[in-house]
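This report describes selected features of a predicted protein model. The sequence and structure are shown below.

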Amino acid sequence: MRNPPSGRRVARPYTRVLTGITGAVAVCAVLTVPTAAAPPGTQPQSETTAATAAAGPEVRLPDGLAQTPPMGFNNWNSTHCRAEFDHEMVKGIADIFVEKGLKDAGYEYVNIDDCWALPERDANGKLVPDPVRFPDGIKAVADYVHSKGLKFGIYTSAGTKTCNQAGFPGSLGHEESDAQQFADWGVDYLKYDNCNNQGVDAVERYTKMRDALKATGRPIVYSICEWGENDPWEWAADVGHLWRTTGDISDNWSSVLGIMKQNLPLAEHAGPGHWNDPDMLEVGNGGMTDTEYRTHFSMWSIMAAPLLIGSDLRGADEATFEILGNEEVIAVDQDPLGKQGTVVSSEDGRWVVSKEMADGSRTVALFNESGSPQEISTTAGEVGLPAAGGYRLRDLWQHQDRDSGGEITAAVPAHGTVLYRVWPDADAGSPPAGTTFASDWEWYLARNGWGPAERDTSVGERPAGDGAPLTVGGETYAKGLGVHAPGEIGYYTAEECETFAADVGLDDESGGDGSVAFEVWADDAKVAESGVLTNDRPAQPLSADVGGAQTVRLVVTDGGDGIDHDHADWADARFTC
Ligand code: GLA
């Protein structure tokens, strides 16, 4: 059987998948004058850019805002420019935030998007609220939102006009005046779009508004919305508190999926006060199933994305409130450590994403991209948890706990996500006394070059449990581990085991031209190795003194000739503890 060079398929960073582009963006594209510079990274640096680069990515806005990803509401995904976007809606959402417990769950900002203004400024160059949508003006709405203990956000564009075809005024060239007007109205959050930017350098445009907001003296969260066009993750951390990484989301599965795949590789750029923004939530808008909406909410949370509700909660069903109000999932998003989750593995639509949490736990998303149910597995070690005798797994959608020796596994429905929070369990039991087969004992770590590692059978093909009896040099073994190079299996031995022993060799199913080397590691020391073994040999005895080790790792390398056909057996593998 032929094996691939690697089982991993992780989305490439910085690809521009144009999934989920809505009509609105198409409109933007028509109205936007493209920036003078072509591909990101090739444009000449403005002074600001150069200063930003010289200062390094560790520079952050020193205002202490958005230490966790902003949470709240924005009307755009629900209403676009339609007439139901008005003061009644905004006030109604604020009421619901309070009545339905969403405010208590952390939702704070009630934000309005494009189409709130009249197309023309007044004689003094000031922005004028649309008197039909906002008959009492914007300040009255902001006051109402504030009276509920919530905060208020507004929208404009870093261009001459916003994105809507009606041609509402943008703030390019009016930064100081508009920022002051927003501050006077009591605005707490500005989303600053990218349409009609006249080709002016993005860093220059967005920095200008940052400085104008700062000059007002009012704390205002600053959301940069240039759709990831100028790689904002490289320069925006000291310009805004969050930056869109993609084009517009829309209320369908392929949009959510495409955006997720673009945003995941950007994890290293996110942190307190500076977040990747994969766009606002579609949960509750009707274009996806509840399973898909739970995946959307789970993945946005594990990516530490802003959680801006984008559906009209005045007509929302209970399932929508249950998803958006899941406080255990919200706690993942809002974790104070501020790490964006990273991809542990992605194979055949089975995604494992892990997020380090402030308390030392990990949140693990087992996400099934495919259209049929799949079992998805990882281990505590693989998601970055320390070796331990056991782990507590909390299912954040079922709200149930279970214990595990280190395996993190679930049957996940099509397009579904199982979200676990996993803690090492300090009280978990010691290693079993006496001699124990490795295949009868829980491992905390398992990495395998081809399909999952198997207990008491060979690896076989890629699905779990499809191996044959362990067979080396014609001899068959009832017990042992079937693995495939390169890989390792880790056991938590807690200084209580003395020896490890096995008969090791290439499984006969490898067909004659594989080669593999076996190694036993006690903590960080290699304590036994087989040398390179090939198919023409019977199993070799391998034993190691593992006394005093916290962990023992059984490692297989490819023997130096690539990983093809490297089906390796740890036959009769056993610990004496
Ligand atoms: C752009 C933005 C959207 C929305 C619209 C409003 O498309 O990316 O989020 O604000 O403009 O016109």
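## Helix α7 and its surroundings

Helix α7 is followed by G186, whose phi is positive, near 90 degrees. Helices here are DSSP runs of H or I with at least four residues, strands are E runs of at least two, and both are numbered from the N terminus.

Helix α7 spans residues 175-185, and its buried residues are E175, D178, A179, Q181, F182, A183 and W185. Buried denotes under 20% relative accessible area with a 1.4 Å probe, counting protein chains only. These residues of α7 pack against α6, β3 (151-157), β4 (189-193) and α8 (202-216).

## Packing of α4 and α6

Helices α4 (residues 87-99) and α6 (residues 137-147) pack at about 10 degrees, their axes lying 9 Å apart. Axes are lines fitted to C-alpha atoms over the stretch in contact, with angles running from 0 to 180 degrees between N-to-C directions. The two helices are therefore roughly parallel to each other, a term for angles under 35 degrees. H87, V90, K91, A94 and D95 of α4 meet V141, Y144 and V145 of α6 in this contact, where contact means heavy atoms within 4.5 Å.

## Overall composition

The protein has twelve helices and 29 strands. Of its 577 residues, 58% are buried. Among contacts between residues at least 6 apart in sequence, 74% join residues at least 24 apart.

## Basis of the values

Residues are numbered from 1 along each chain as its sequence is written, and side-chain values use heavy atoms, leaving out hydrogens and water. In this predicted model, local features need pLDDT of at least 70 and side-chain atom pairs count only at pLDDT 80 or more, whereas totals for chains, interfaces and linings use all residues.

Note on methods: Buried < 20%, exposed > 50% of the residue type's maximum accessible area, 1.4 Å probe, protein only. Parallel < 35°, antiparallel > 145°, perpendicular 65-115°, else oblique.
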